[in-house]
Amino acid sequence: MERPEPELIRQSWRAVSRSPLEHGTVLFARLFDLEPDLLPLFQYNCRQFSSPEDCLSSPEFLDHIRKVMLVIDTAVTNVEDLSSLEEYLAGLGKKHRAVGVKLSSFSTVGESLLYMLEKCLGPAFTPAMRAAWSQLYRAVVQAMSRGWDGE
């Protein structure tokens, strides 16, 4: 597995990680646009959200956004040694499988991540950066997918 370009990843993440909640909300708003069927998976205290906006403003969901941004942050920090995150990411995959997330939905999450980075960085988000992030994201999903294989 070729390694993503660490410096490009770190440099682009710096701007995003200053306000994770704001950028994480952009990511999930985009995700619900692209795949509205994911909305019902997010239920807290058995309460269904009536709209993405309703979901995106709930404290429980904001907590989920924070966690997701933290996972990305961890991947960025360990970009040169992603194998050290194998177990952690496989466990994360298992958790997502348990609540009914399909592995295929993660490609939409990937698109939403790139969209968010582009929105945040504008012209500074170069094609080389996009390629590095795609690579990093692929590696993360590959590790998470072991949670679906039930290894």
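1. Start with the largest pocket: 33 residues line it, and His64, Val68, Leu92, His96 and Met144 sit nearest its centre. A pocket here is an open set of points on a 1 Å grid over the protein atoms alone, where a 1.4 Å probe fits, with protein on both sides within 12 Å along at least five of seven lines; lining residues have an atom within 4 Å of a point.

2. Keep in mind that this is a predicted model: local features need pLDDT of at least 70 and side-chain atom pairs pLDDT 80 or more, while totals for chains, interfaces and linings use all residues. Numbering runs from 1 along each chain as its sequence is written, and side-chain values use heavy atoms, leaving out hydrogens and water.

3. What gives the most to that lining? It's α4, with nine residues. Helices are DSSP runs (H or I, at least four residues), numbered from the N terminus. By type, the lining splits into 24 nonpolar, five polar and four charged residues.

4. Now look at α2 and α4, whose axes (lines fitted to C-alpha atoms over the stretch in contact) come within 9 Å and cross at roughly 100°. The two helices are therefore roughly perpendicular to each other (65 to 115 degrees). Among the residues that meet are Leu27 and Phe28 in α2, and His64 and Val68 in α4; contact means heavy atoms within 4.5 Å.

5. Last, find Ser105 in helix α6. Ser105 is buried, at 4% relative accessible area (the cut-off is under 20%, with a 1.4 Å probe and protein chains only). Beyond its neighbours within four places in sequence, Ser105 touches Glu35 and Leu38.

Definitions and conventions: Nonpolar A, V, L, I, M, F, W, Y, C, P; charged D, E, K, R; others polar. Axes fitted to C-alpha atoms, helices over the stretch in contact; angles between N-to-C directions. Parallel < 35°, antiparallel > 145°, perpendicular 65-115°, else oblique. Buried < 20%, exposed > 50% of the residue type's maximum accessible area, 1.4 Å probe, protein only.
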